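Open the model in your viewer and keep the selection tool ready. The stops below go one by one.

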Amino acid sequence: MTQRAALSAGASVIPLPGLDIGTDVSILLGLLPAINERFGLSEQQLAQLHPNRKKYTFIAITGVGSRLIGRTLTREAVSHALKRVGVRVATKSVARYVPLLGQALAAGLSFSAMKLLGNSHIDDCYRVVSEVLRQTAAQDTDARRQPPTPQAR
(Lines give C-alpha, C1' and ligand atoms only; values in the text may rest on other atoms or scores of the structure.)
Protein backbone atom coordinates (compact mmCIF):
# COMPACT_ATOMS: atom_id res chain seq x y z
CA MET A 1 0.00 0.00 0.00
CA THR A 2 2.72 2.44 0.96
CA GLN A 3 4.67 1.75 -2.24
CA ARG A 4 1.65 2.49 -4.39
CA ALA A 5 0.91 5.65 -2.44
CA ALA A 6 4.54 6.71 -2.96
CA LEU A 7 4.18 6.06 -6.70
CA SER A 8 1.11 8.29 -6.72
CA ALA A 9 3.05 10.98 -4.86
CA GLY A 10 5.88 10.74 -7.38
CA ALA A 11 3.52 11.15 -10.31
CA SER A 12 1.92 14.20 -8.73
CA VAL A 13 5.25 16.04 -8.73
CA ILE A 14 5.49 15.94 -12.53
CA PRO A 15 3.62 18.99 -13.83
CA LEU A 16 1.82 17.35 -16.75
CA PRO A 17 -1.95 17.89 -16.80
CA GLY A 18 -3.88 14.70 -16.11
CA LEU A 19 -0.83 12.55 -15.34
CA ASP A 20 -1.50 12.47 -11.61
CA ILE A 21 -5.17 11.50 -11.93
CA GLY A 22 -4.41 8.93 -14.62
CA THR A 23 -1.73 7.41 -12.42
CA ASP A 24 -4.06 7.34 -9.42
CA VAL A 25 -6.79 5.58 -11.41
CA SER A 26 -4.29 3.03 -12.74
CA ILE A 27 -2.92 2.38 -9.26
CA LEU A 28 -6.40 1.90 -7.81
CA LEU A 29 -7.44 -0.39 -10.67
CA GLY A 30 -4.64 -2.70 -9.55
CA LEU A 31 -4.81 -2.16 -5.79
CA LEU A 32 -8.52 -2.49 -5.07
CA PRO A 33 -9.03 -5.87 -6.83
CA ALA A 34 -5.94 -7.20 -5.02
CA ILE A 35 -7.46 -6.18 -1.68
CA ASN A 36 -10.80 -7.75 -2.63
CA GLU A 37 -9.07 -10.98 -3.54
CA ARG A 38 -7.11 -11.07 -0.28
CA PHE A 39 -10.38 -10.89 1.64
CA GLY A 40 -12.11 -13.48 -0.59
CA LEU A 41 -14.37 -10.79 -2.02
CA SER A 42 -13.47 -10.73 -5.70
CA GLU A 43 -16.26 -11.23 -8.20
CA GLN A 44 -14.98 -14.72 -9.08
CA GLN A 45 -14.63 -15.76 -5.43
CA LEU A 46 -18.14 -14.57 -4.60
CA ALA A 47 -19.56 -16.50 -7.54
CA GLN A 48 -18.24 -19.74 -6.01
CA LEU A 49 -19.80 -19.23 -2.57
CA HIS A 50 -22.62 -21.32 -1.14
CA PRO A 51 -25.92 -19.49 -1.78
CA ASN A 52 -26.49 -18.71 1.92
CA ARG A 53 -23.02 -17.28 2.41
CA LYS A 54 -23.35 -15.36 -0.87
CA LYS A 55 -26.61 -13.84 0.41
CA TYR A 56 -25.01 -12.77 3.71
CA THR A 57 -22.02 -11.37 1.83
CA PHE A 58 -24.10 -9.21 -0.51
CA ILE A 59 -26.20 -7.97 2.42
CA ALA A 60 -22.97 -7.01 4.25
CA ILE A 61 -21.56 -5.31 1.15
CA THR A 62 -24.76 -3.31 0.80
CA GLY A 63 -24.61 -2.41 4.50
CA VAL A 64 -21.07 -1.10 4.12
CA GLY A 65 -22.16 0.86 1.06
CA SER A 66 -19.17 -0.01 -1.08
CA ARG A 67 -19.30 0.01 -4.86
CA LEU A 68 -15.83 -1.49 -5.01
CA ILE A 69 -16.32 -4.89 -3.36
CA GLY A 70 -17.33 -7.96 -5.33
CA ARG A 71 -17.48 -6.28 -8.72
CA THR A 72 -15.30 -5.88 -11.72
CA LEU A 73 -13.85 -2.43 -11.27
CA THR A 74 -14.13 0.14 -14.00
CA ARG A 75 -12.52 3.52 -14.42
CA GLU A 76 -15.87 5.09 -13.52
CA ALA A 77 -16.08 3.21 -10.20
CA VAL A 78 -12.51 4.17 -9.34
CA SER A 79 -13.17 7.78 -10.33
CA HIS A 80 -16.13 7.74 -7.94
CA ALA A 81 -13.79 6.51 -5.18
CA LEU A 82 -11.39 9.34 -5.96
CA LYS A 83 -14.24 11.80 -5.53
CA ARG A 84 -14.43 10.65 -1.87
CA VAL A 85 -11.10 12.38 -1.39
CA GLY A 86 -11.90 15.05 -3.96
CA VAL A 87 -10.68 18.07 -2.01
CA ARG A 88 -7.24 16.50 -1.66
CA VAL A 89 -7.13 15.51 -5.32
CA ALA A 90 -8.23 18.97 -6.47
CA THR A 91 -5.79 20.70 -4.14
CA LYS A 92 -2.86 18.59 -5.29
CA SER A 93 -3.72 19.27 -8.95
CA VAL A 94 -3.53 23.00 -8.38
CA ALA A 95 -0.71 23.00 -5.82
CA ARG A 96 1.82 21.22 -7.99
CA TYR A 97 2.13 24.24 -10.29
CA VAL A 98 3.57 26.34 -7.44
CA PRO A 99 7.36 25.93 -7.63
CA LEU A 100 8.97 23.61 -5.03
CA LEU A 101 6.60 24.04 -2.11
CA GLY A 102 3.56 23.31 -4.26
CA GLN A 103 5.10 20.13 -5.64
CA ALA A 104 5.95 18.93 -2.13
CA LEU A 105 2.39 19.70 -1.01
CA ALA A 106 0.95 17.90 -4.04
CA ALA A 107 3.10 14.84 -3.34
CA GLY A 108 2.03 14.79 0.31
CA LEU A 109 -1.63 15.16 -0.56
CA SER A 110 -1.41 12.46 -3.20
CA PHE A 111 0.31 10.06 -0.81
CA SER A 112 -2.23 10.66 1.94
CA ALA A 113 -5.20 10.37 -0.44
CA MET A 114 -3.96 7.00 -1.74
CA LYS A 115 -3.33 5.73 1.78
CA LEU A 116 -6.76 6.94 2.86
CA LEU A 117 -8.52 5.24 -0.04
CA GLY A 118 -6.59 1.99 0.33
CA ASN A 119 -7.03 1.80 4.09
CA SER A 120 -10.69 2.72 3.82
CA HIS A 121 -11.22 -0.11 1.32
CA ILE A 122 -9.41 -2.54 3.62
CA ASP A 123 -11.65 -1.44 6.49
CA ASP A 124 -14.77 -1.94 4.33
CA CYS A 125 -13.64 -5.43 3.32
CA TYR A 126 -12.87 -6.28 6.93
CA ARG A 127 -16.33 -5.14 8.04
CA VAL A 128 -17.97 -7.22 5.30
CA VAL A 129 -16.06 -10.38 6.21
CA SER A 130 -16.67 -9.82 9.94
CA GLU A 131 -20.39 -9.41 9.38
CA VAL A 132 -20.58 -12.52 7.19
CA LEU A 133 -18.73 -14.56 9.80
CA ARG A 134 -21.02 -13.21 12.52
CA GLN A 135 -24.13 -14.07 10.51
CA THR A 136 -22.96 -17.57 9.60
CA ALA A 137 -21.92 -18.24 13.22
CA ALA A 138 -25.35 -17.12 14.42
CA GLN A 139 -27.01 -19.35 11.85
CA ASP A 140 -24.87 -22.32 12.93
CA THR A 141 -25.71 -21.66 16.59
CA ASP A 142 -29.43 -21.50 15.81
CA ALA A 143 -29.22 -24.76 13.89
CA ARG A 144 -27.55 -26.48 16.86
CA ARG A 145 -30.17 -25.17 19.29
CA GLN A 146 -33.02 -26.81 17.41
CA PRO A 147 -34.42 -29.68 19.48
CA PRO A 148 -33.65 -33.07 18.02
CA THR A 149 -36.48 -34.68 16.08
CA PRO A 150 -38.06 -37.62 17.88
CA GLN A 151 -37.01 -40.95 16.45
CA ALA A 152 -39.53 -43.62 15.65
CA ARG A 153 -39.43 -46.60 18.04
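Predicted model: local features only at pLDDT ≥ 70, side-chain atom pairs only at ≥ 80, totals over all residues.

**Stop 1.** Select D124 and R127. Their side chains form a salt bridge, with an N to O distance of 3.1 Å. Both residues sit in helix 7, which spans residues 101–145. They are three residues apart, about one turn of the helix. Now colour the pair by accessibility. D124 counts as buried because its relative accessibility is 9%, under the 20% cut-off. R127 is partly exposed, at 44% relative accessible area.

**Stop 2.** Stay on helix 7 and select E131 and R134. Here the side chains meet in a salt bridge at 2.7 Å, N to O. Again the spacing is three residues, about one turn of the helix. E131 is partly exposed, with a relative accessible area of 28%. R134 is also partly exposed, at 48% relative accessibility.

**Stop 3.** Which residues touch the most other members of the largest nonpolar core? Select L28 and V128: they do, in a core of 25 residues. Next, show the elements that give two or more residues to this core: helix 2 (19–38), helix 4 (51–64), helix 5 (75–84) and helix 7. Helix 2 gives the most, with six residues.

**Stop 4.** Centre on V128 and hide its neighbours within four places in sequence. What is V128 in contact with beyond them? Select L41, T57, A60, I61, V64 and I69: V128 is in contact with each of these.

Terms used:
Residues numbered from 1 in each chain as written. Heavy atoms only, no water. Salt bridge = Lys/Arg side-chain N within 4 Å of Asp/Glu carboxyl O. Helix = DSSP H or I, 4+ residues; strand = E, 2+ residues; numbered from the N terminus. Buried < 20%, exposed > 50% of the residue type's maximum accessible area, 1.4 Å probe, protein only. Core = buried A, V, L, I, M, F, W, Y, C linked by side-chain atoms within 4.5 Å. Contact = heavy atoms within 4.5 Å.
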